[in-house]
Every structure is written in structure tokens, then in C-alpha cells.
Amino acid sequence: MAITDIKAFAHLTAADIETLGQELDSIRRSVELSRGEQDAKYIRRTIAAQRALEVAGRAVLFGSRNRWAWLGGTALLSVAKIIENMELGHNISHGQWDWMNDPEIHSSSWEWDMTGPSSQWRRAHNYSHHTYTNVLGKDEDLGFGILRMTRDEEWRPVHLVQPFANVLLAATFEWGIALHDWDIEKQLSGTPKQLMSEPNKEFARKITRQVAKDFVFYPALTGPAWKSTLKANATANFVRNLWAYAVIFCGHFPDGAEKFTVEQLEGETSGEWYLRQMLGSANFKAGPVMAFMSGNLCYQIEHHLFPDLPSNRYSEVAVRVRELCDKYDLPYTTGSLGKQYLLAFRTIHKLALPDRFLRRTADDAPETSSERKFAGISMPTMPSMPNTERWADRWNETHWLPVDPETGQRRGLRSALNEAKVVLKEKARHEKEVLREAKVALQEKARQEQATLRRKAARERALRRIRRKR
Amino acid sequence: MVLKKGGFSVRGVREWLEAPAADVAERGGRLNVLRGAVARVTTPLLPDDYLHLANPLWSARELRGRIVEVRKETADSATLVIKPGWGFDWKYEPGQYIGIGILIDGRWHWRSYSLTCPPNWTDPEHGSKRLISIAVKAMPEGFLSSHLVSGVAAGTIVRLAAPQGGFVLPFPPPEKVLFLTAGSGITPVMSMLRAMDRRDRVTDVVHVHSARTDDDVMFRAELRDMHDRHPSFSSHLQLTSEQGKFSLAELDEQFPDWRERQTWACGPAAMLDEIEHHWRDADIADRLHVERFEIERSAVGEGGTVTFGKTGRSAEVDGATSLLEAGESAGVQMPFGCRMGICQTCVVTITSGHTRDLRNGDERREGDKVQTCISAAAGDCTLDV
Ligand code: FES
């Protein structure tokens, strides 16, 4: 079972979590207080640059029968679409720029260049996903309904096609998201079956306009170059889809991005909410250009803590969040884009298989763990799962030293995870050793038995010889 | 839809073409067909979203204007001459006010000011283009008004809202008119006087204006000039630092026919209260028109009556109850999501009054959009739900 008790998992007391929450609140406040002209300029310039790139791309595509023009135009358009989705659409819809009070750059009115209507995405994403981040059965973004991303989800034969589903999702990501959001919107609005419901009409309108633009009107406008323009537009959408998919998967599915159960939600304090966001997301390392192209979602942890603070401030927030992680000895999950993606990729393929092929459980798997992970380790003699309710608390009290007696450093989740890793490795080594010894012993026994048999046979042969002589 | 009852209709085609620009329908005017047609390739944006990057006034998405001149009126007041962008509604009446948004430190601040120009005003100094003007007096605590009087430069882009308000002078004007103004309360009346002057329909008008000293009188020279040019117009100045407050009792001596006059009054709240009383006592309240300027500073209240404009319901709440809870308790269907301030699903517009952000104490006011789940009423306010 994924995390049911975040306190026990994080090796923190309720008071610790509350102070942590206050410290995060004060980071939020200091960014809020210092938002100003510079930030406003940043977003306005980004908008202008994005529009310019798009216009340039579309213009170049008029000559797209020439190979170089095609390549150039497609590249410009792809970059424009990526910026439009990531740094503009996603972030503005999160209300990151609402503080400017500008009706044209406001979460309530921004519409993005993707198949799904912004309003449906806002409900599904801003509300369902960001409120219930990584809570099983509540956060519909967990695997987007088609992928099994945690062992908590029961395996079904359909999961065997997961590797294929993953590729399909990546290639048509905007459609995946659009359908996903549309579905949630219909549930939330209570009109899942009505044909002429508002969500349906809105969805149909948006699809028609988007598809008509890229696949009918623009190609038609470019006249004789219509075929190459069409290809260019499809390619740009495809490139954008792949990139958005990669960024999202790196932010949510590498090892270390934990999952939670609904039990954790009950009576969740604001400090625990923060902690869940912190432990439930993952960053990837990026320079300024990559950060910009990912809509600053390389700072996914910071984004999940403060979804409505301006994206251009996440890098400075990250420094402070890391300091807090050090202070409370919490893990800060990050790595290169490639590594983070490969971890997610591994999970996708591993979990396509039924549980009997998997070694670990949902308590100590690399992609999902729970507070029980630490139990099996320090009490190796205990049966695999303790049965008392609050065993974790008791265990923490009796077995875990919250402060290192030698260095005086706090010992929290990060230390516990490291120790768990060592202990698990040790345990594995030990098991191997025992196995080897057993094998040697067995072999030895077999050898001895054989020798005995041989001796016995020899003796019998001798006896027979003696008998014959008599 | 283009196809209607088995055939094409011109109106159907037109509607289809205009559809993407439907949101700017009132402001877009005749350009909307073109706008809608081009939007087929700029969707989800409008062509305006690209054009206004070249010139901020080339957009009917939201009304914008450019300040073309800042003219000092007195030591602490100034006239702003503004050239509105596409889609401005020129059919305003003298005495109305407009909303104006100014960008300070990256944030738009929104206030309302009376227009001081007559309708369809052109100024040869500015290429005989149609312009509007407002006059602003710096208030001691008014952070925005001080900025407007001494901080804005010609060329600045502002947001504008369509002219509105019922404090207007009808045309033709009544035969006998009385204007009672004080301080910046003169501004809407100035628009009325200028309109009468421009149309050359200055009837029998008496204007009593109070200001602290002679130097504090806005439009002093212009008032004197009009007084000289039009025998039927008389301008009376009450300099309160020397002569004290204008007493309504003096009306009987100085302008014995005041009861027959249509009166427009604008100034501080206390003065207007007194005037309303006086007119009611004289049983001629129907001849009185008053305009109350909103106080620039917030009411600094905690809690108050929250009115839900569209549903007409209201709730009495304290300063710790969120607007979302207030609405729900009053049976209003409020939009909501996370209820913790992160999802922006609950955003609505404040149509009047002030609210406070419960997380950080920031104040929001009329025209701003707020997250109702983390905002409370700061005094009485009205929400657009
Ligand atoms: S309900 Fe989510 S921000 Fe208010």
C-alpha cells in the first residue's frame, strides 16, 4: 500500500510538519511581496516573443516546398507551440499572472493552442490533479487512466499493451489530455451521458477550430505549398506533444515521486499537504533555456508547492526549498532529464507485467513505497507486514534516533531511505550468501552420499569376491 | 450555423464568420466579420492579440487608451487627455464617468473618474482626433491619484471602461440650472458646462463652487472666461479658508429662485448629505441630482454585507468567513474547486466594494477578480455571481 501516514513515512513529528509548512508559507509570502514590474515585463516579453516566433514560422512555411524553408518553418512553429503550451498556457491558466490584474493575461480568460478547451483542462488539472496530487483513486493524472504506474493498482491483462499505449500517448499527447479533461469535466458537471451538454459543445467547438486551423485553413492559405504546410503543422504538433509528454512524465513518474492513499487525505493539515506535494513530484536538472522550454516545470516540486506563483521565480524558490529539504533531511528528487525519463520508462514497462513477475511490493518498490518499507528492514525477523495499526509510530519511537548522536544532525526520511538502501542491499547480499552456503552444503552432502554409496558398493563387491572364493 | 432550414442565409454566414469574435461583439462593431474570419487561422486568439503587440490601441479585446497630454490644473490636480483605442463607445453624456486602469509596478490599478470633456470632443492641438479627458485631484491617502497627478507621462497606455453613470445633463438643458460643487466635485459639472458652451446652449446657470484657496480652484481661468462670455452663466467661488463653508441658508438670499432650478451637486459626502436634507425639507428632492465619489481609500471594514449581483441574494458575514462560504450559506451556486487557493476555479469579479485576501491581507476592489475561497468581505461588497 502506498503511503497512508505521511508523518511516519517522512520521519517527522506533527510539530515538525507544521513548522515546515510555516516556512514554506513564508517563502510564498516573500515571493508575493516582491512580484513587480520585472516579472510583468518577463511575461509580456515572453508573449511577444512567442507570437513573433509563430508568425515567423507560419510565414516561412509559405515557401515550404523548399526543404530548408520546410525545416526552418517547422522548427520555428514547434518552438512557438512549445512555449505557448508550457510557459504561457499552463502557467497563466494556473493564475500565476493573475496578480497583474490584466484581463488579457488572466487565468479566467486565457485560451491555449491545444485540442482541449482551457476551461476543461483547468478543472481537471488545477483542481483534481493539483489538490489530490498522487492520491490513488483521486488524482486522475496518475497514469492518465491508461497506464499502470504503481503496484497499488491491480494488474489487468490490458496492461500488457502498456508499452504500446505509452508510445501512442506520447505521440498524441494533446488528444490524450483533451479526452481526459473532457471526461473529468463531464463527471464534475454531472452530465456524463447528455449529448448536448455544455462540456460536449465546448469540446466540439474547440476541436473543430483547432483542427481546421492547422489542417485546413493554413495549408489552404499557402496555396501550392499546401501539402508541405500540412505536413509541417502536423510535425510541429507532434514535436510539441512529445516534449510536453516528456516534461510531464519526468515531473511525476521517476522513482522517488511517491503515491498516497485516501487515508492520508483524512484530516490532512496544510503542512502535510505541502509535504505530500514535495514527496509526490520530481524535478529534472535544466539550464535556463531548458527551464524556459519546459515552462519551468523542471521545477515540478516547486510548482506543486506553489502552483500559482510566477514561473520565472521557481529557480530562486528551488534554492530555498532545497535548504528546507536539507534542514528536515528530506529527499529532493531530481536528476538529468534522460535519467528521470528512463526511470519513468522502466516503471511503465515493468508494471505492464503481472505482479508475480515483480520482486518488490507497493511498500518497497522503487517507484512506490510506504512507511512499511522501513519496518521490514529493521525487524527482519518479523513477518513481512506488521499487523498493529500504529506500528510505524512505535517503531519510530523505539528504533529510530531522530538525531545522529555523533554529528547532532537531524535524521529524517533521507537518512532512512539511505539506510534502507544499505540494509536492503545487505539483506540481499546476506540472502545470496546463505543461498550459496546452502548450495555448497547440499553439494557437499551429495558428494558425501555419493562417496558413501561408492564405498558401500566397493564393500559389497569385495564381499561378493570373498564369497565367491570361498 | 451556416445551413439553416435547408439553405444558406446571409445572416447565418455572417454569424458563423463572427462567431470567434463573439466576445468582443459590443466593441468590435463592423470589423467583427473580418475579425472573425481572420480568427479562423489565429484561433484560439483573435487577430487583435497580434495587432496590439504592434500598437496597444489596435485591439477591441479590451478597451485601451493612450495618454496624450498631462496638463496641470492646480498644485495637486491635473487633466489627463486620452486617445481611446478601438471600440470606445463615443455615445456618452456630459457628467458620466469612465473606469481607468493604470499600470504601476506590474499591476493594473483600477479607478473611476468623471469625464471633463464634452461629447465628441476634438482638440486641434492633437490633430483634431476625437479625445476624452478626465481630471484627477491627488488625495492625501490616494496612492493612485497621486501617481496620476505627478507620476504619469504622456504616451502611457491605460485600460478604459465604457462611460457610465446617471449623473447627466439632458439636452436640451433645463431653463434654470444650479450647480453646487466642491473640490474635485467640479469635474463632472465641467463636462456639462463645456457641453453647453460648445453647443451654445448656456441657459440660466448658476454655479457655486467651493475650494480652500484661490489657487485650489480647478479650471479657474476657464470658469472666469465663460462667466464673461455668457451673460446667463454666473460662477460663484467660495474660498473656504477665508469665507468659511458655503451655508445652504445663503441660497435664499443669493439665489432666491433656487427652488425652481434643476440642481446638480457633487462633492464630499457630508456636503451632499446636507444638500439632500435641505432639498427634501423643501420638498423638491426630485429636482436634485447628486453624484457621490467613491472614497479612494477602502472602507477598511472587516466583514459586511456581501451581495451576489446576478442572483440578487446577499449574506451578512464577518471578516473571517470566505466569500465562497458566504455565497453557499446564502444558497448561491458558487464555482469552486480546491477551496484552498490553488486552483483558480472560484474566481469572480467584484462589482463594488472591497475584499481582503485571507492569506496575506491584500486588498482587492471593484473591477478586480478574486478567488472567493480565500477572500473575505472588507466592508460591504457585491460580487458578479
Ligand atoms: S476553489 Fe480553488 S482557488 Fe478557490
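B:Pro44 sits in the loop between helix H3 (32–42) and helix H4 (47–54) of chain B. Helices here are DSSP runs of H or I with at least four residues, strands are runs of E with at least two, and both are numbered from the N terminus. A cis peptide bond links B:Thr43 to B:Pro44, with omega about 5 degrees. This is a predicted model, where local features need pLDDT of at least 70, side-chain atom pairs count only at pLDDT 80 or more, and totals for chains, interfaces and linings use all residues. Residues are numbered from 1 along each chain as its sequence is written, chains are lettered from A and ligands numbered from 1 in the order in which they are written, and side-chain values use heavy atoms, without hydrogens and water.

Another cis peptide bond joins B:Phe171 and B:Pro172, with omega about -5 degrees. B:Pro172 belongs to the loop between strand S8 (157–160) and strand S9 (176–182) of chain B. In chain A, look at A:His11, in the loop between helix H1 (6–10) and H2. Its phi is near 55 degrees, a positive value in a residue other than glycine. Most residues other than glycine have a negative phi, and most peptide bonds are trans.

Now the interface. Chain A gives 42 residues to the contact and chain B gives 35; contact means heavy atoms within 4.5 Å. About 3,300 Å² is buried between the two chains, and carbon and sulfur atoms give 54% of it. A:Asn101, A:Glu104 and A:Arg209 supply 20% of the area that chain A buries against chain B, more than any other three residues. Buried area is the accessible area (1.4 Å probe) lost when two parts are put together, summed over both.

Charge pairs also cross this boundary. Four salt bridges are counted between chain A and chain B. Each is a side-chain nitrogen of Lys or Arg within 4 Å of a carboxyl oxygen of Asp or Glu. A:Glu104 pairs with B:Arg64 in a salt bridge, at 3.8 Å from N to O. On chain A, the elements giving two or more residues to the side that touches chain B are helix H2 (14–34), helix H3 (37–60), helix H5 (118–131) and helix H8 (198–221).

Over all chains, the whole structure holds 60 salt bridges. In one of them, B:Arg359 meets A:Asp308, with the closest N and O atoms 4.0 Å apart. B:Arg359 lies in the loop between strand S16 (347–357) and strand S17 (363–365) of chain B, and A:Asp308 in the loop between helix H13 (300–305) and helix H14 (314–327) of chain A, so the pair joins two chains.
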